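Here is a short briefing on the charged pairs in this protein.

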Amino acid sequence: MLNRLIVLTILTFSANFINAQIHRVYTGNGQKNNEITIYDSGYVDVVPQFPGGERALMKFINETRCYPTDAYNNKVQGRVVCSFVVYPDGSINGISVIKGVEETLDKEAVRIIREMPRWMAGSIDNQAVPVSCVLAIPFRL
């Protein structure tokens with residue numbers, strides 16, 4: 001009885017872990033043969049990384065960010081939270097705003113991410129995989 005309980009517990013956790021690795025299935029052109037698996041950044045062995053690391057990422061954001069005039073004049077500030085996918089070749093696609101602040105700041109955050117250089121890809125078992133990432137772009141006066 002105890003052995004069955006242990007085996008059942010292990011199988012339950014294993015099934016949950018395997019299911020949790022897959023973030024979503026994304027269909028590029030709406031065709032069945034173009035489906036790819038995109039992994040959540042919490043479930044890969046190596047997470048995608050901006051070239052040069054976190055410090056270089058912050059430097060890039062600060063040098064690239066252009067505060068929209070209307071938002072600046074109206075003293076609008078905050079953090080725009082965006083999601084995007086880093087593909088095995090390091091390219092970024094699928095950028096979307098998860099938590100916006102104001103339309104012009106949201107658009108500026110998307111522009112910043114779109115202009116980023118290729119990232120170092122995430123991987124599972126030394127195999128590069130598409131990984132969903134989340135990044136907050138701060139706008140402070």
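**Salt bridges in the predicted model**

Glu 108, Arg 111 and Glu 115 are joined in a network of salt bridges. A salt bridge here means a side-chain nitrogen of Lys or Arg within 4 Å of a carboxyl oxygen of Asp or Glu. Searching the whole structure turns up 5 salt bridges.

This is a predicted model, in which local features need pLDDT of at least 70, side-chain atom pairs count only at pLDDT 80 or more, and totals for chains, interfaces and linings use all residues. Residues are numbered from 1 along each chain as its sequence is written, and side-chain values use heavy atoms, with hydrogens and water left out.

**The network**
- Arg 111 pairs with Glu 115, with the closest N and O atoms 2.7 Å apart.
- Arg 111 is partly exposed at a relative accessible area of 23% (buried is under 20%, exposed over 50%, partly exposed in between, using a 1.4 Å probe and protein chains only).
- Glu 115 is also partly exposed, at 44%.

**Helix 4**
- Glu 103 forms a salt bridge with Lys 107, and their closest N and O atoms are 3.1 Å apart.
- Because the two are 4 residues apart in helix 4 (residues 103-114), about one helical turn separates Glu 103 and Lys 107 (helices are DSSP runs of H or I, at least four residues, numbered from the N terminus).
- Glu 103 counts as exposed at 53% relative accessibility, and Lys 107 counts as exposed at 54%.

**Helix 2**
- Glu 63 forms a salt bridge with Lys 59, the closest N and O atoms lying 3.9 Å apart.
- Glu 63 and Lys 59 sit 4 residues apart in helix 2 (residues 53-64), so they are separated by about one helical turn.
- Both Glu 63 and Lys 59 are exposed.
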